[in-house]
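Me: I would like to learn how to read aromatic pairs and a helix in a model, taking one feature at a time.

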Amino acid sequence: IMAAAPGFSPLLGAVIGTTFGWRATLVALVVAAIGVAIAHQKLVGESHPKQLRTRHGVGTLSRGYVALLKDPRFMRPAFANAMSMGALFAYFAATPGILRNVFHLGTIGIGVFFGAAVLAVFAAASRASRWGARIGAPRVVGMGLAIIGGAALIAFATGLAGGLGLPVYVAAATTFLFGIGLTQPTTTAMTLQPGAAEAGLAS
């Protein structure tokens, strides 16, 4: 879901905006938000049973956060998660401008690019847990970070050399997103393990 939202929303937004005008995308967001709120209230509700709920004061919460911040089992994967997420948002911010201004793709073309590229995240995420069970989660994270860094360096170097054609950019972006698909779910699971008793604080 985390990959699908930013992957397919540009295409959906492009279709709505091209068909009905850009203001229609804002109307669609409002309608979707209201629909999700009503569906959650009517169909899902609070998932934590009342008998298991406990009250936490500010002091208890603060001590819980401090304990997590001191725990390297939490901080190392959390840092890797944050850095890879920062790289992902940099990619999301830069790519539409690159596709439009360098490769001259239109709104629909940009949406199709995002929708197709996110399939690499799905492919990697489906393998992350299997590989983690086989070689260990830390190695999967290391592999994912190496792939992310390598893909970014390739795109950067070819761009400086003037050889960043669309096929090269597509290959670099797909490889980059494959690394994200390995890193994000694995580091998320790793950060929640030491704080399983206080999963809300850890998340």
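Me: How is a pair of aromatic rings described?

Reply: A pair of aromatic rings is described by the distance of the centres and the angle of the planes. This is a predicted model, and the structure holds 10 aromatic pairs. In one of them, the ring centres of tyrosine 91 and phenylalanine 114 are 6.0 Å apart and the planes stand at 65°, so the pair counts as edge-to-face, the cut-off for that class being over 60 degrees.

Me: Which parts does the pair of tyrosine 91 and phenylalanine 114 tie together?

Reply: Tyrosine 91 belongs to helix α4 (residues 72-101) and phenylalanine 114 to helix α5, so the pair links parts that are 23 residues apart in sequence. Both tyrosine 91 and phenylalanine 114 are buried.

Me: What is the geometry of the pair formed by phenylalanine 103 and tyrosine 169?

Reply: That pair is tilted, with 5.9 Å from centre to centre and 45° between the planes. Because phenylalanine 103 sits in the loop between α4 and α5 while tyrosine 169 sits in helix α8 (residues 166-192), the pair ties together parts 66 residues apart in sequence. Phenylalanine 103 is buried at a relative accessible area of 16%, and tyrosine 169 is buried at 7%. One aromatic cluster includes Tyr91, Phe103, Phe114 and Tyr169.

Me: Where does helix α1 bend?

Reply: Helix α1 bends by about 25° at proline 10, yet its 17 residues reach 23 Å from the first C-alpha to the last, close to the 24 Å expected. Its buried residues are Gly7, Ala14 and Ile16, and what covers them includes α2 (22-44) and α5 (107-117).

Definitions and conventions: Residues numbered from 1 in each chain as written. Predicted model: local features only at pLDDT ≥ 70, side-chain atom pairs only at ≥ 80, totals over all residues. Heavy atoms only, no water. Helix = DSSP H or I, 4+ residues; strand = E, 2+ residues; numbered from the N terminus. Expected span 1.5 Å × (residues − 1). Bend = angle between axes of the 7 residues up to and from the residue. Buried < 20%, exposed > 50% of the residue type's maximum accessible area, 1.4 Å probe, protein only. Contact = heavy atoms within 4.5 Å. Phe/Tyr/Trp six-rings, centres within 6.5 Å; stacked < 30°, edge-to-face > 60°.
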